[in-house]
Amino acid sequence: MADLNVGEKPLRNISESFKALAATVNAETIAVEVAPFSRACSFISPLFGCLGIAFKFAEMDYVAKVNDLVESSKSIASLQVLVDRDIESDCVRKAGSHSRNLLRVKRGIDMVRVLFEQILITEGNSLRDPASKAYAQVFAPHHGWAIRKAVGAGMYALPSKAQLLRKLNEDEASARIFMQDYVAASAPVIQYVEKLFFSRDLGIDW
């Protein structure tokens with residue numbers, strides 16, 4: 001992927017939008033609307049692109065699922081209504097359903113959370129360990145052997161941490177703050193989405 005335009009700040013956008021989502025979740029009095037949720041998730045898409053071939057499959061899948069949620073926000077107000085409508089239509093688990101796409105997007109959010117956690121605690125300039133751990137924890141259990149093998153090979157083509165930050169128009173200090181903010185803010189958002197499924201006896205491993 002080509003470098004972002006001068007002035008674009010994906011990490012800042014990710015951090016600020018998820019802090020706003022977390023505030024809504026933590027308030028516990030307002031429904032989480034599909035529009036701001038899908039918009040916040042769309043800010044993550046450039047990050048997958050910056051990670052190169054190893055996460056190309058994730059970028060393509062994630063972008064498609066986020067776009068579906070963006071489109072659904074025109075007619076569906078909240079995430080809760082989105083899932084309930086699919087239940088009523090008996091299509092929750094069907095490929096292409098909004099609920100199934102929401103679950104896939106949630107995994108993307110979670111993968112980035114673990115990636116940032118690992119980058120923050122890992123010494124050196126390599127992203128291979130942080131990215132491998134994030135993939136193994138979040139995506140690998142849902143992928144077949146062929147995809148896991150392809151991702152493993154792609155890990156050798158990851159950018160260095162310095163190259164990634166340069167692509168994202170950040171220095172080490174600013175990136176660390178935004179990553180820490182995202183890790184903290186995304187956790188309650190991820191839990192909220194999972195609770196939508198668990199509270200309706202749907203589970204999340206499908």
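Predicted model: local features only at pLDDT ≥ 70, side-chain atom pairs only at ≥ 80, totals over all residues.

Me: What makes α4 oblique to α6?

Reply: The axes of helix α4 (residues 56-72) and helix α6 (residues 98-121) cross at roughly 130° and come within 9 Å. Angles of 65 to 115 degrees count as roughly perpendicular and those over 145 as roughly antiparallel, so α4 is oblique to α6.

Me: Is the crossing left-handed or right-handed?

Reply: α4 passes α6 in a left-handed crossing.

Me: Which residues make the contact?

Reply: From α4 come Asp61, Tyr62, Lys65, Val66, Asp68, Leu69 and Ser72. From α6 come His98, Asn101, Leu102, Arg104, Val105, Gly108 and Ile109. Sorted by type, the residues of this contact are six nonpolar, four polar and four charged.

Me: Why is Arg113 called buried?

Reply: Arg113, which is found in helix α6, has a relative accessible area of 15%. Buried means under 20%, so Arg113 is buried.

Me: Which residues is Arg113 in contact with, leaving aside its neighbours within four places in sequence?

Reply: Arg113 is then in contact with Gln137, Tyr182, Val183, Ser186, Ala187 and Ile190.

Me: What does the UniProt annotation say about residues 32-170?

Reply: An unreviewed UniProt entry gives these residues the annotation "domain: Glycolipid transfer protein". In the model, the chain over residues 32-170 is 68% helix and 0% strand, and the end C-alpha atoms of that stretch are 30 Å apart.

Methods: Residues numbered from 1 in each chain as written. Heavy atoms only, no water. Axes fitted to C-alpha atoms, helices over the stretch in contact; angles between N-to-C directions. Helix = DSSP H or I, 4+ residues; strand = E, 2+ residues; numbered from the N terminus. Parallel < 35°, antiparallel > 145°, perpendicular 65-115°, else oblique. Left-handed = near helix turned anticlockwise from the far one by under 90°. Contact = heavy atoms within 4.5 Å. Nonpolar A, V, L, I, M, F, W, Y, C, P; charged D, E, K, R; others polar. UniProt positions renumbered as here; feature names shortened; annotations may be inferred. Buried < 20%, exposed > 50% of the residue type's maximum accessible area, 1.4 Å probe, protein only.
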